Amino acid sequence: MVASYGTSARGVEGSFANFAHIIVLILAFLMTGQALAQSPAAASARPVKIVAFGDSLTAGLGLPANQSFPVRLQKALESKGIKVDIINAGVSGDTTSGGRDRLDWSIPEGTEAVILELGANDAMRGTDPNVTRAALSDILARLKARRIAVLLCGMQAPPNYGTDYAARFNAIFPELAKAFDVPLYPFFLEGVAAETKLNQKDGIHPTAEGVDLIVKNILPMVEAFLGTIAGQRS
């Protein structure tokens with residue numbers, strides 16, 4: 001009787017262990033499925049890490065920090081429910097060649113997108129368009145190698161260097177956008193350049209109102225640009 005009882009007990013214990021094992025497997029499966037189901041949502045909820053890489057127009061020369069282009073753009077995007085983390089990597093006086101020289105340490109690891117705004121100082125100095133083109137090409141190639149998405153902002157030459165120079169310079173941006181297959185915002189200062197009331201006393205750098213207009217104009221393209229990145233995440 002004792003031996004029979006012992007055998008039965010072991011059988012019950014074995015059945016219970018098997019049952020518990022099955023429950024653990026079911027819970028693990030459900031938890032894995034839940035994690036997989038949540039992963040796209042979690043990815044889309046994570047702020048997009050962006051670097052605004054440019055010159056004084058990005059840096060916000062002459063303005064309080066909270067009125068610079070990157071800050072105002074982030075605020076505009078967040079008002080639409082788009083989560084972003086934008087670093088202001090604008091350096092006043094920077095040229096395309098200067099941007100190329102500081103590219104690696106200005107764009108930290110984990111950056112998903114760059115808004116590239118350089119070229120105004122090249123145009124103002126009458127830099128050979130071939131030099132500007134080479135520097136921008138190098139920047140775009142290196143960002144592409146790092147698999148960082150780029151929104152290229154175009155710039156236009158002032159009229160004082162003549163129509164030939166302007167034609168050669170202005171063509172750089174659309175041609176590079178096509179060559180590297182990146183979106184192009186044709187003219188960063190659209191609606192602001194040469195508008196006295198939208199520029200500071202130097203006639204070059206936008207006022208806070210000018211920055212807000214730049215943000216308003218570029219916003220639809222930035223939204224589309226970020227939409228592409230969000231799609232790649234999921």
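A residue counts as partly exposed when its relative accessible area falls between the buried limit of under 20% and the exposed limit of over 50%. In this predicted model, Arg 168 belongs to that class, because its relative accessible area is 36%. Its salt-bridge partner is Asp 128, with the closest N and O atoms 3.3 Å apart. Arg 168 sits in helix α7 and Asp 128 in the loop between α5 and α6, so the pair ties together parts that are 40 residues apart in sequence. Asp 128 is likewise partly exposed, at 35%.

Arg 168 also takes part in helix packing. Helices α7 and α8 meet at an angle of about 20°, their axes 5 Å apart, which makes them roughly parallel. Arg 168, Phe 169 and Asn 170 of α7 form the contact with Ile 172, Phe 173 and Pro 174 of α8.

The salt bridges number nine. One of them joins Lys 80 and Glu 223 at 3.9 Å, N to O; Lys 80 lies in the loop between α3 and β2 and Glu 223 in helix α9, so this pair links parts 143 residues apart in sequence. Within helix α6, Arg 142 and Asp 138 are four residues apart, about one turn, and their side chains pair at 3.6 Å. Together with Asp 104, these two residues form a network of salt bridges.

Glu 117, in strand β3, is buried yet has no salt bridge, and the nearest side chain of opposite charge, Arg 102, is 7.9 Å away. The side chain of Glu 117 instead makes a polar contact with that of Thr 58 (2.6 Å), and one of its polar atoms lies 3.3 Å from the backbone nitrogen of Asp 55.

How values were computed:
Residues numbered from 1 in each chain as written. Predicted model: local features only at pLDDT ≥ 70, side-chain atom pairs only at ≥ 80, totals over all residues. Heavy atoms only, no water. Helix = DSSP H or I, 4+ residues; strand = E, 2+ residues; numbered from the N terminus. Buried < 20%, exposed > 50% of the residue type's maximum accessible area, 1.4 Å probe, protein only. Lys, Arg positive; Asp, Glu negative; His and termini not counted. Salt bridge = Lys/Arg side-chain N within 4 Å of Asp/Glu carboxyl O. Polar contact = N/O pair within 3.5 Å; in protein donor to acceptor, adjacent residues only side chain to side chain. Axes fitted to C-alpha atoms, helices over the stretch in contact; angles between N-to-C directions. Parallel < 35°, antiparallel > 145°, perpendicular 65-115°, else oblique. Contact = heavy atoms within 4.5 Å.
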